[in-house]
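Student: I have a structure to go through. Can you take me over it a piece at a time?

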Amino acid sequence: PGEGKTFISMNLAATLAANKQVKVLLIGMDLRKPKLASELNLANKKGFSNYAINDATLDEIIYDLDGFRNLKVMPSGPIPPNPSELLMSKECEEMFNLLRERFDFIVIDCPPTVVTDYQIISNYCDISLYSVRVNYTNLKQVEMANEIYRTNKLPRMNLVINDFIPEKYDSYN
């Protein structure tokens, strides 16, 4: 938590949506401590968790985002008692199959690697971004990232270094 996953996800989705030729969906899949809806000033009434328990349709949980014609948002929805089970459900798999047909890019705001949900979500990903934050991420978390990379637990894993200010460092730092 605090590495900038939601910040990076939002900015990546907005950057992709700058190309007016593509359709982009930003999904909040941190089901334990969701932040995406509040960061975007969206009501987090219905979202993925509602869909996964057959309490909403896809059209009911995909929202327009002010200022973007081709960027949609799916919040996580209410915090469920069983996040991992919802992510492993057939509804989740079916949802991603349907979304791939409707969108050119799907950006997923995931939970931190301290919970195993990220591994379940990675089954639906073509590429993974692992964020670390300068002067915030501790060495154990960086070692964990290295282990995840070495063992191929995330597809095409890339490291994003957040909050780096080059002017603070000279050539020896």
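Tutor: First a term: buried means under 20% relative accessible area, exposed over 50%, and partly exposed in between (1.4 Å probe, protein chains only). This is a predicted model, in which local features need pLDDT of at least 70, side-chain atom pairs count only at pLDDT 80 or more, and totals for chains, interfaces and linings use all residues. Residues are numbered from 1 along each chain as its sequence is written, and side-chain values use heavy atoms, with hydrogens and water left out.

Student: Ok, so is Ile 161 buried or exposed?

Tutor: Ile 161 is exposed, its relative accessible area being 53%. Ile 161 lies in strand E6; helices (H or I, at least four residues) and strands (E, at least two) are DSSP runs, numbered from the N terminus.

Student: Salt bridges, then. How many are there?

Tutor: The count is six, where a salt bridge is a side-chain nitrogen of Lys or Arg within 4 Å of a carboxyl oxygen of Asp or Glu. One of them joins Asp 59 and Arg 102, at 2.9 Å from N to O. That pair links distant parts of the chain, with Asp 59 in helix H4 and Arg 102 in helix H6, 43 residues apart.

Student: How exposed is Asp 59?

Tutor: Asp 59 counts as exposed, because its relative accessibility is 58%. Arg 102 has 36%, so Arg 102 counts as partly exposed.

Student: And what does Asp 64 pair with?

Tutor: Lys 72, with the closest N and O atoms 2.2 Å apart. Asp 64 is exposed at 54%, while Lys 72 is partly exposed at 24%.

Student: What about Arg 133?

Tutor: The side chain of Arg 133 meets that of Asp 163 in a salt bridge of 3.4 Å, N to O. Here too distant parts of the chain are linked: Arg 133 is in strand E5 and Asp 163 in the segment after E6, 30 residues apart.

Student: Back to H6. Which of its residues are buried?

Tutor: Glu 91, Cys 92, Met 95, Phe 96 and Leu 99. They sit on the same side of H6 because they cover an arc of only 135 degrees around the axis, the arc being that of the directions from the helix axis to the C-beta atoms. On the other side of H6, Lys 90 and Glu 101 are exposed.

Student: What do the buried ones pack against?

Tutor: Among their partners are strand E1 (24-28), helix H3 (48-52) and strand E3 (68-74). Contact means heavy atoms within 4.5 Å.

Student: Since H3 came up, where does Asn 50 stand, buried or exposed?

Tutor: Asn 50, in helix H3, is buried at 6%. Leaving aside neighbours within four places in sequence, Asn 50 is in contact with Lys 45, Asp 55, Ala 56, Gly 77 and Pro 78.

Student: Last one, H1. Which residues are buried there?

Tutor: Thr 6, Ile 8, Ser 9, Met 10, Ala 13 and Ala 17. The buried residues of H1 pack against several elements, including E1, E3 and strand E6 (157-162).
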